[in-house]
Amino acid sequence: MSNEDITLTAGDAEVVVQPGNGGRIGGLRIGGVELLRQGERFGCFPMVPWCGRIRDGVFRDGGTVHQMPLNSPPHAIHGTARDGAWRVARKAADEAVITYDLVEPWPFTGRVTQAVALAPDALTLTMSVETYASSFPAQIGWHPWFHRNLGGQDVRVAFEPAWQEERGDDHLPTGNRVEPRPGPWDDCFGMPGGVDVTLTWPEQLELKVTSPEEWVVVYDEQEAAVCVEPQTGPPNGLNTLPRLVTPLEPLEATTTWSWRRL
């Protein structure tokens, strides 16, 4: 099937899936109002097979050292799948499933599957990484760019993390956990009960980002947009907290955005 954009609809919600542009969600309109920053680098892209930065682009798998391209010097950032074209496995009026086969520069063979399911009041994204060859460390996450302003007051971000990963000068966690600090943020937080972040555009819309995963990066240092990124591990996690993909056990994650009008 072609990798042309796919438009899903449910009630007054509309989602654009872009298989040909890194498998990203290119838009989310609710009642005609676009929630995601527009542009080929924005929307909401999948972070896979890693999330955030890898220190110096280097990760170790056992005794083997792997070097990833430094696409955010001096680090490698946000995986490789957002740079490739995905295939459409199936699509319906309110659901699409797309796949991406991991290729160089990623050194392992695997397939990523992302399911996008739209309801009138929620969007659910589910992703898995599987292999039938060698096991390898991986991460899954999503990087949405929500508009800071929808034509009224700026968005308010509310969440209650158990801790904040202390951020070093290189933007990577130092390994220390600290009390959550006030923003602005480009920081990773721990939420052991699952990610639960509420975005409120006063008198317009409330949107909750939830996930069973316990890690979330919040980035609000940009004037145009705010990012709330659920993920399966912290930045540099391929080195500090690897999750293995094996032939018997894929890595899976899901996130739901649910909304209501105010």
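Glutamate 95 is partly exposed, at a relative accessible area of 28%. Partly exposed sits between two cut-offs: buried is under 20% relative accessible area and exposed is over 50%, with a 1.4 Å probe and protein chains only. What does glutamate 95 pair with? Its side chain meets that of arginine 90 in a salt bridge, 3.7 Å from N to O. Arginine 90 is partly exposed too, at 48% relative accessibility. A salt bridge here means a side-chain nitrogen of Lys or Arg within 4 Å of a carboxyl oxygen of Asp or Glu.

A word on the source. This is a predicted model, where local features need pLDDT of at least 70 and side-chain atom pairs count only at pLDDT 80 or more, while totals for chains, interfaces and linings use all residues. Residues are numbered from 1 along each chain as its sequence is written, and side-chain values use heavy atoms, with hydrogens and water left out.

Back to charges. How many salt bridges does the structure hold? Twelve. Side chains of opposite charge can pair when their charged atoms come close. Take lysine 208 and aspartate 196. Their closest N and O atoms are 3.3 Å apart, in a salt bridge. The pair links distant parts of the chain, twelve residues apart: lysine 208 belongs to strand β22 (residues 205-211), aspartate 196 to strand β21. Strands are DSSP runs of E, at least two residues, numbered from the N terminus. Lysine 208 is partly exposed at 27% relative accessibility. Aspartate 196 is partly exposed at 34%.

Now arginine 53 and aspartate 186. They form a salt bridge, with the closest N and O atoms 3.9 Å apart. Arginine 53 lies in strand β6 (residues 53-54) and aspartate 186 in strand β20 (residues 186-190), 133 residues apart. Buried or exposed? Arginine 53 counts as buried because its relative accessibility is 18%. Aspartate 186 is buried as well, at 13%. There is also a network of salt bridges, which links Arg87, Asp101 and Arg111.

Next, the sheet. Eight strands form an open sheet, in the order β10-β11-β12-β13-β26-β22-β21-β17, with antiparallel pairing. Two strands pair if DSSP finds at least two bridges between them. Which strands are at the edges? β10 (87-91) and β17 (156-158), each pairing on one side only. From one strand to the next, the twist averages 15°. That angle comes from axes, lines fitted to C-alpha atoms, and runs from 0 to 180 degrees between N-to-C directions. Arginine 156 has threonine 200 in β21 as its bridge partner.

Now to the start of the chain. Strand β1 (residues 6-10) has a covered face with Ile6, Leu8 and Ala10. Its uncovered face carries Thr7 and Thr9. In a regular strand the side chains alternate between the two faces of the sheet. Five bridges join β1 to β2 (residues 13-18), and the two run antiparallel. Threonine 7 has valine 16 in β2 as its bridge partner. β1 and β2 make a hairpin with two residues between them. Glycine 11, in the turn, has a positive phi of about 60°.

On to the core. A nonpolar core is a set of buried Ala, Val, Leu, Ile, Met, Phe, Trp, Tyr and Cys residues joined through side-chain atoms within 4.5 Å. The largest one has 62 residues. Which members touch the most others? Val15, Trp106, Trp201, Leu207, Trp257 and Trp259. A second, separate core has eight residues, including Phe45, Met47, Cys51 and Ala225. Look at tryptophan 259. Leaving aside neighbours within four places in sequence, its contacts (heavy atoms within 4.5 Å) include Ala13, Leu28, Ile30, Leu118, Pro120, Leu205 and Leu207.

Histidine 66 sits in strand β8 (residues 64-67). It is buried, with 14% relative accessible area. Beyond its neighbours within four places in sequence, histidine 66 is in contact with Gly57, Val58, Phe59, Asp61, Pro107 and Phe108.

Last, cysteines. Cysteine 227 is buried at 0%.

Note on methods
Helix = DSSP H or I, 4+ residues; strand = E, 2+ residues; numbered from the N terminus.
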